Amino acid sequence: MRGGYTHANWERLAEDIRSQLERDAELSRKTEYGDLFKIRGEITGPKGISLRVITIWMTEYKSGQTKFITLFPDKKEV
């Protein structure tokens, strides 16, 4: 991966993903299972390269827990 994340440093990626929760979240849509939120942010990988990303999270109605769903590159121009 461009940022330098590998199987050997997956903990670093998990930590960097969790750091996105400090940013403002935008309600993306509501589903029968919970509310989906989108967070635009930036993570800096082990190679020191900054990557603009979008993370998707869901707050489950049943449990009240917020869970990570996916991450993908943010291609929107800054």
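Which residues does Thr31 touch, not counting residues up to four places away in sequence? Select Thr31 and look around it. Thr31 touches Leu36, Met58 and Tyr61, where contact means heavy atoms within 4.5 Å.

Some ground rules. This is a predicted model, in which local features need pLDDT of at least 70 and side-chain atom pairs count only at pLDDT 80 or more, while totals for chains, interfaces and linings use all residues. Residues are numbered from 1 along each chain as its sequence is written, and side-chain values use heavy atoms, with hydrogens and water left out.

**Stop 1: the loop**

Stay on Thr31. Thr31 lies in the loop between β1 and β2. Helices (H or I, at least four residues) and strands (E, at least two) are DSSP runs, numbered from the N terminus. The side chain of Thr31 reaches the backbone nitrogen of Tyr33 at 3.1 Å. This is a polar contact: a pair of N or O atoms within 3.5 Å, where, within protein, one must be able to donate a hydrogen and the other to accept it, and residues adjacent in sequence count only if both atoms are side-chain atoms.

**Stop 2: the sheet**

Show the strands. Four of them form an open, antiparallel sheet in the order β1-β2-β3-β4. Two strands pair if DSSP finds at least two bridges between them. At the edges sit β1 (26–30) and β4 (66–73), each pairing on one side only.

Walk across, pair by pair:

- β1 and β2 share four antiparallel bridges. Lys30 stands opposite Asp35 in β2.
- β2 and β3 share eleven antiparallel bridges. Leu36 stands opposite Met58 in β3.
- β3 (residues 50–60) and β4 share seven antiparallel bridges. Val53 stands opposite Pro73 in β4.

Next, pick Gly48. Gly48 lies in the turn of the β2–β3 hairpin, which has five residues between its strands, and has a positive phi of about 85°.

**Stop 3: the helix**

Select residues 10–18. This is helix α1, which packs on the sheet and touches β2 (34–44), β3 and β4. The direction of α1 makes about 115° with that of β2. Axes are lines fitted to C-alpha atoms, for helices over the stretch in contact, and angles run from 0 to 180 degrees between N-to-C directions.

Which residues of α1 are buried? Ala14, Asp16 and Ile17 are; buried means under 20% relative accessible area, exposed over 50%, and partly exposed in between (1.4 Å probe, protein chains only). The buried residues of α1 pack against β2, β3 and β4. Turn to the face pointing away from the buried side: Glu15 and Arg18 are exposed there.
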